[in-house]
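Have the sequence and the 3D view open as we go.

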Amino acid sequence: MKIKTIRTIALLALSAALLTACGSAESGSEEKDTAAKTEAATAAETEAAAETEQAETEAAGQDDFGFVLPKDAVSPDLSKDDPSDDSISFKYDDLGRVDSYTYQANGKKMVVGYIYDDEKSSVWILGYADEIVAVDETLELTGSFDASLGFTEHNGYFFKGYKF
């Protein structure tokens with residue numbers, strides 16, 4: 001969008017200069033010069049407004065594919081060693097950390113998967129809505145994994161063994 005805006009401004013400046021030069025050369029009339037400048041400015045405002053509207057439309061078009069955060073869709077009993085129930089099913093990695101979980105929301109199957117990066121103390125979260133990637137984000141983990149900490153919710157997601 002920035003390149004389009006810069007190109008548009010450059011084009012309008014060139015157009016205004018040409019219109020001003022042509023108007024002055026043809027009649028020398030200040031009225032024609034003013035009208036040409038006004039027309040160029042109006043065209044610039046119209047094009048800038050159209051670009052802004054297009055950018056807003058594109059941003060609004062970024063669909064989450066109906067993905068619903070786990071905390072907004074289900075309420076598992078996080079005091080349990082494994083809060084899996086009829087509404088959510090957890091899977092764990094070799095260390096006992098949450099690897100993924102599946103739940104239903106708005107008639108769609110939601111899956112959230114975690115890929116841990118222990119060196120960076122972060123977790124990469126991928127969220128799916130009916131097999132379409134709807135979430136791709138990375139969260140910082142505080143401290144190291146400790147299974148005795150149990151389950152918690154953070155930023156709408158469920159974790160085991162981390163204190164936020």
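Q: What makes a pair of side chains a salt bridge here, and how many are there?
A: A side-chain nitrogen of Lys or Arg has to lie within 4 Å of a carboxyl oxygen of Asp or Glu. By that rule there are three salt bridges. This is a predicted model, where local features need pLDDT of at least 70, side-chain atom pairs count only at pLDDT 80 or more, and totals for chains, interfaces and linings use all residues. Residues are numbered from 1 along each chain as its sequence is written, and side-chain values use heavy atoms, with hydrogens and water left out.

Q: Why is the contact between Lys 71 and Asp 72 called a salt bridge?
A: Their N to O distance is 3.2 Å, and the rule asks for a Lys or Arg nitrogen within 4 Å of an Asp or Glu oxygen, so the pair qualifies.

Q: Why is Lys 71 called partly exposed?
A: Buried means under 20% relative accessible area, exposed over 50%, and partly exposed in between (1.4 Å probe, protein chains only). Lys 71 has 41% relative accessibility, so it counts as partly exposed.

Q: How do you know that Asp 93 forms a salt bridge with Arg 97?
A: The closest N and O atoms of Asp 93 and Arg 97 are 2.7 Å apart, so the pair meets the salt-bridge rule. Both Asp 93 and Arg 97 are buried.

Q: What makes Asp 118 a salt-bridge partner of Arg 97, and which parts does the pair tie together?
A: Here the closest N and O atoms are 2.9 Å apart, so this pair also passes. Asp 118 lies in the loop between strand E3 (108-117) and strand E4 (122-129), and Arg 97 in the loop between E1 and E2, so the pair ties together parts that are 21 residues apart in sequence. Helices (H or I, at least four residues) and strands (E, at least two) are DSSP runs, numbered from the N terminus.

Q: Are Asp 118 and Arg 97 buried or exposed, and why?
A: Asp 118 has 52% relative accessibility, so it counts as exposed. Arg 97, at 9%, counts as buried. Salt bridges that share partners join Asp 93, Arg 97 and Asp 118 into one network.

Q: What makes E1 and E2 a pair of strands?
A: Two strands pair if DSSP finds at least two bridges between them. E1 and strand E2 (residues 98-105) have five bridges, in the antiparallel sense, so they count as paired. In E2, Tyr 103 is the bridge partner of Ile 88.

Q: Why do E1 and E5 count as edge strands?
A: Five strands form an open antiparallel sheet in the order E1-E2-E3-E4-E5. Strand E1 (88-92) and strand E5 (132-140) each have a single partner strand, so one side of each is left without a neighbour in the sheet.

Q: Why is Ser 122 called buried, and what does it touch?
A: Ser 122, in strand E4, has a relative accessible area of 11%, so it is buried. Contact means heavy atoms within 4.5 Å. Not counting residues up to four places away in sequence, Ser 122 touches several residues, including Ile 115, Tyr 116, Thr 138 and Leu 141.

Q: Why is Leu 149 called partly exposed, and where does it lie?
A: Leu 149 has 42% relative accessibility, so it counts as partly exposed. Its place is in the loop between E5 and strand E6 (151-154).
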